[in-house]
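Here is a briefing on one model, written for a reader who wants geometry first.

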Amino acid sequence: MKEKIIKLDNKYHQLDGLRAYAAIGIALMHIKANGGYNIPGFVSEKIIGSMGELVFLFMMISAFSMCCGYYQKIKERSITIESFYNKRFLRIFPFFAILCILDVTVSPNKESFYELFANLTLCFGLLPNAHITVIGVGWFIGLIFVFYMIFPFFCYLISNNTRAWISFILAVIFNILCSIYFFDSDHIVNNFDFRSNIIYCSAYLLAGGLIFKYKESLEKVVEKYYWIIGVIIILLSIIYFKYGNYIYTLLPLCVMLVIYSLRRNMEKTILKNRLTNFISGISMEIYLSHMMIYRILEKLNLAHMTNNRYTSYIIVSILVLVSAIVFSVITKKFISKIELYFNLGNKVILK
């Protein structure tokens, strides 16, 4: 009798599902806000209206995922710094660069070329108040690239449990101080986007690192008490919608969502299925391209196709999401072919 070989899957598929829903939720919020769809009600105003804050969940997932992929390698020095930065640069630059060039091509002016230069360096997250309009949602890329820059130091902070907790607590305090003191009119200028500041967001990044540090223990807890964690998530959601967006309401909710997503032994759930796995693979691309797609529809006078605001919003949302998915898939395939061509070219030269 042949033994059945069980292939272990170390991938957190439910976390991928969380990433997919976050990308869709952010897109729905941006469409509603920019389209002027004045739709009353709790779902529209509270739920969809607050989905922009899912970028903080993105940050936490990004930090956790980065640690899964690189923490041990950097700690053991099994990956060179050059290789690490090459991989991260190639992960975000090609698609982002194509979007930026398309944006400037559609609306060329002197200021847009200045911003294009800043975007293509990927270093605009270091500017004190960039306020870049070329791919406006690209501020997240600026923040994440700064995170990539300091990731070796980030690994140092979380390599020791005591140091990791102290760093996290200090980051939370710093976030609160930003809200009550440093981000007032005496310290910042108009149109300052506090979310693009690495210090303000560091609590969410460090939370992702801490979850990674304790992931084995947390997996056991969530496997045994997943329904309790589900109830806690519901209660934290109620608190968040009742009291608003503050670090003491949003951070615990994001943490529990990520912890809940560490559950593995499930065949198919709302977070783990073929659709969420697919969307997760292009979640960053959907996030970056959805507003460009919406602006195109807006220029074509397709943002309000009916006199019913509910119907118009639903139709436009579907069009934007489907178009963003198609654009992302096609562009990623194009980028892959270009990368393959240059890799083959290098092999030929080496031969």
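The expected span of a helix is 1.5 Å times one less than its number of residues. Helices here are DSSP runs of H or I with at least four residues, strands are runs of E with at least two, and both are numbered from the N terminus. The model is predicted, so local features need pLDDT of at least 70 and side-chain atom pairs count only at pLDDT 80 or more, while totals for chains, interfaces and linings use all residues. Residues are numbered from 1 along each chain as its sequence is written, and side-chain values use heavy atoms, with hydrogens and water left out.

**Helix α5**

- Helix α5 covers residues 110-121, twelve in number. From its first C-alpha to its last it reaches 18 Å, close to the expected 16 Å.
- Buried means under 20% relative accessible area, exposed means over 50%, and partly exposed lies in between (1.4 Å probe, protein chains only).
- The buried residues in α5 are Ser-112, Glu-115, Leu-116, Ala-118 and Asn-119. They cover an arc of only 165° around the axis, which puts them on the same side of α5. The arc is that of the directions from the helix axis to the C-beta atoms.
- An α-helix has 3.6 residues a turn, so residues three or four places apart point the same way.
- Lys-110, Tyr-114 and Phe-117 are exposed, on the face of α5 turned away from its buried side.
- The buried residues of α5 pack against α4 (81-106). Contact means heavy atoms within 4.5 Å.

- Helix α11 (residues 247-260) has 14 residues and should span 20 Å at 1.5 Å a residue. Its end C-alpha atoms are 19 Å apart, which agrees.
- Eleven of the 14 residues of α11 are buried, so the helix is largely enclosed by the rest of the structure. Among them are Ile-247, Leu-251, Cys-254 and Ile-259.
- The cover over the buried residues of α11 includes α1 (13-35), α3 (54-76), α8 (161-182), α9 (198-213) and α10 (215-243).
- Helix α6 is mostly covered, with ten of its eleven residues buried. Trp-139, Gly-142 and Tyr-148 are among them.
- The buried residues of α6 pack against α3, α4, α5, α7 (151-158), α9 and α13 (283-299).

**Nonpolar core**

- A nonpolar core is a set of buried Ala, Val, Leu, Ile, Met, Phe, Trp, Tyr and Cys residues joined through side-chain atoms within 4.5 Å.
- The largest core holds 110 residues. Met-59, Met-60, Phe-151, Phe-154, Ile-211 and Leu-251 touch the most other members. The largest share of this core, 14 residues, comes from α3.
- Beyond residues up to four places away in sequence, Ile-211 touches Met-60, Phe-64, Leu-218, Val-255, Val-258, Ile-259 and Leu-262.
- Met-66 lies in helix α3 and is buried, with a relative accessible area of 4%.
- Leaving aside neighbours within four places, the contacts of Met-66 are Tyr-71, Phe-84, Arg-88, Phe-147, Tyr-148 and Phe-151.
- Met-66 and Cys-155 are 89 residues apart along the chain, and their C-alpha atoms are separated by 10.0 Å.

**Aromatic rings and charges**

- Rings of Phe, Tyr and Trp (its six-membered ring) pair if their centres lie within 6.5 Å; planes under 30 degrees apart count as stacked, over 60 as edge-to-face and the rest as tilted.
- The count comes to 31 aromatic pairs. Phe-147 and Phe-154 have ring centres 5.0 Å apart and planes at 85°, so this pair is edge-to-face. Both Phe-147 and Phe-154 are buried.
- Phe-183 and Tyr-200 have ring centres 5.7 Å apart and planes at 35°, so this pair is tilted. Phe-183 lies in the loop between α8 and α9 and Tyr-200 in helix α9, so the pair ties together parts 17 residues apart in sequence.
- One aromatic cluster is formed by Phe-56, Phe-183, Phe-192, Phe-194, Tyr-200 and Tyr-204.
- A charge sits over a ring if NZ of Lys or CZ of Arg is within 6 Å of the ring centre and within 35 degrees of the ring normal.
- Arg-263 lies over the face of Tyr-226, at 3.5 Å from the ring centre. The charged end of Lys-242 sits over the ring of Tyr-243, 5.6 Å from its centre.

**Positive phi**

- Arg-77 has a positive phi, near 60°. Arg-77 is in the loop between α3 and α4 and is exposed, at 76% relative accessible area.
- Ile-135 has a positive phi, near 55°. Ile-135 is in the loop between α5 and α6 (139-149) and counts as buried, at 6% relative accessibility.
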